[in-house]
Amino acid sequence: MGGGANELPAIDLVVCAIERDAPLLPHAIDAARRTVANPIRSVWVVTPDEQVEAATAWCTGHTVVGESSVIPDHLIEMTRDHIRRDRVGWAVQQLAKFLMVLHSDAPACLVLDADTMLVRRRTWLGADGVQLLVPSLEYHRTYALHAARVWPHTELARGVSFVTHHQLMQRDIVIEMFGADGSGLGDWLAAADSSATSAISEFHCYGSHLVASHPERVRLGRFHNVALPRSEFEGRVVHGSFGASDGTTRRDPCSISFHHYLTDDAPPS
């Protein structure tokens, strides 16, 4: 990716969070600021409307917005029609991520899960529009089938997953996918398998579309995420065992995710 550090495009950081993410979120944002080589222009935190006031206290110095200020009512209603009831909140967060990219006037947003700490310094976007894209080892056929129903050309990416807990999304690519006003998001929801536990993936859809449509704008990178139970989070904060890591080796992780659904006896991935 060409250009010196001073020429790298500035990007926004977008994080969707709920109350249980409060202890992790400031650390996730700080870790991103330390490890992202591109200048981070603004940090946006999207949260359910009723949690905006509390989230503003967790995220001092960052902009907190409620989901209803980002997502049109008709799209929230569509999630109830096309997504399993127990997964509606998860789908609403995915809508928020795409819409925040469309609302931003930065060329790209790094979209980050609130439970994920980036620990390897990386350049995400070059001045030439070539971006880092990270594939994961896990593959969800439901995600691939959904993406192919909306964008048939993404069949080319079948067998590859881009579900990585963080992803750079370039605004012009998201416009290409959904239109500048996000009107295509309705069709995206309508194509979901309403019986599937995990019917849609924003990260997989973006990654598979980008690879299939603009391979010249992709530089593939390693995922190497370590998944840990949240019970390990406090100890790692105390001992400083995550943060910016320059001079890392290939054995070192690129990110650490403290998933709420993992138990202490779950093996790391």
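So, the aromatic cluster: Phe98, Trp151, Phe178 and Trp188 form one cluster together. Keep in mind that this is a predicted model. Across the whole structure, a search turns up 5 aromatic pairs, and I'll walk you through two of them that involve Phe98.

Let's take Phe98 with Phe178. Their rings sit 4.7 Å centre to centre, with 55 degrees between the planes, and that makes the pair tilted. Now, where are these two along the chain? Phe98 is in helix α4, residues 88–103, while Phe178 is in helix α6, residues 171–178. So this pair ties together parts that are 80 residues apart in sequence.

Next up, Phe98 with Trp188. Here we have an edge-to-face pair: 85 degrees between the planes, and 5.4 Å from centre to centre. Trp188 belongs to helix α7, residues 185–190, and Phe98, as I said, to helix α4, so this contact links parts that are 90 residues apart in sequence.

One last thing, away from the pairs. What sits over the ring of Trp90? That's the charged end of Arg87, 4.2 Å from the ring centre.

So if you have the model open, go to Phe98: from there you can pick out the tilted pair with Phe178 and the edge-to-face pair with Trp188.

Technical notes. Residues are numbered from 1 along each chain as its sequence is written. This is a predicted model: local features need pLDDT of at least 70, side-chain atom pairs count only at pLDDT 80 or more; totals for chains, interfaces and linings use all residues. Side-chain values use heavy atoms; hydrogens and water are left out. Rings of Phe, Tyr and Trp (its six-membered ring) pair if their centres lie within 6.5 Å; planes under 30 degrees apart count as stacked, over 60 as edge-to-face and the rest as tilted. Helices (H or I, at least four residues) and strands (E, at least two) are DSSP runs, numbered from the N terminus. A charge sits over a ring if NZ of Lys or CZ of Arg is within 6 Å of the ring centre and within 35 degrees of the ring normal.
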